Amino acid sequence: MTKQNYEELKNKIGTARVDELRHYWNEETEDEETQEWREEVTATAEQILIEEWDNSYNAGILKLCEKILEAERAFKAVAE
């Protein structure tokens, strides 16, 4: 999703609602009770926004893991 599309989506939903969704998203853990809010999200635009947050989070975690592995390999190469 382009930055422009993302901004248009946020504008469509409204600042207050985006802030509310972001709060729930930020408070979410592996505990199922913290994920119940997702069941109440029925608007397609809101679901797309949350999916974008999830995808960005997952991409960030993947990038972090790749950097850790890269650093580990470099460390092992120097240690040998």
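The model is predicted. Its largest nonpolar core has 12 residues, and helix 3 gives the most to this core, with 4 residues. Helix 2 and helix 3 cross at roughly 45°.

**Nonpolar core**
- The 12 residues of the largest nonpolar core are Tyr-6, Leu-9, Ile-13, Val-18, Leu-21, Trp-25, Trp-37, Val-41, Ala-45, Leu-49, Ile-50 and Trp-53.
- At least two residues of this core come from each of helix 1 (3-13), helix 2 (15-27) and helix 3 (44-79).
- Ala-45, a member of the core, touches Leu-9, Lys-12 and Ile-13, leaving aside residues up to four places away in sequence.

**Helix 3**
- Helix 3 has 36 residues, which should span 52 Å at 1.5 Å a residue; the end C-alpha atoms are 52 Å apart, so the two values agree.
- The buried residues in helix 3 are Ala-45, Glu-46, Leu-49, Ile-50, Glu-52 and Trp-53.
- Helix 1 and helix 2 are among what covers these buried residues.

**Helix 2 against helix 3**
- The axes of helix 2 and helix 3 come within 11 Å and cross at roughly 45°.
- Helix 2 is therefore oblique to helix 3.
- The crossing of these two helices is right-handed.
- On the helix 2 side, the residues in contact are Arg-17, Val-18, Leu-21, Arg-22 and Trp-25.
- On the helix 3 side, they meet Glu-46, Leu-49, Ile-50, Trp-53, Asp-54 and Tyr-57.

Key. Residues are numbered from 1 along each chain as its sequence is written. This is a predicted model: local features need pLDDT of at least 70, side-chain atom pairs count only at pLDDT 80 or more; totals for chains, interfaces and linings use all residues. Side-chain values use heavy atoms; hydrogens and water are left out. A nonpolar core is a set of buried Ala, Val, Leu, Ile, Met, Phe, Trp, Tyr and Cys residues joined through side-chain atoms within 4.5 Å. Buried means under 20% relative accessible area, exposed over 50%, partly exposed in between (1.4 Å probe, protein chains only). Contact means heavy atoms within 4.5 Å. The expected span of a helix is 1.5 Å times one less than its number of residues. Axes are lines fitted to C-alpha atoms, for helices over the stretch in contact, and angles run from 0 to 180 degrees between N-to-C directions. Angles under 35 degrees count as roughly parallel, over 145 as roughly antiparallel, 65 to 115 as roughly perpendicular and the rest as oblique. A crossing is left-handed if the near helix is turned anticlockwise from the far one by less than a right angle, and right-handed if clockwise.
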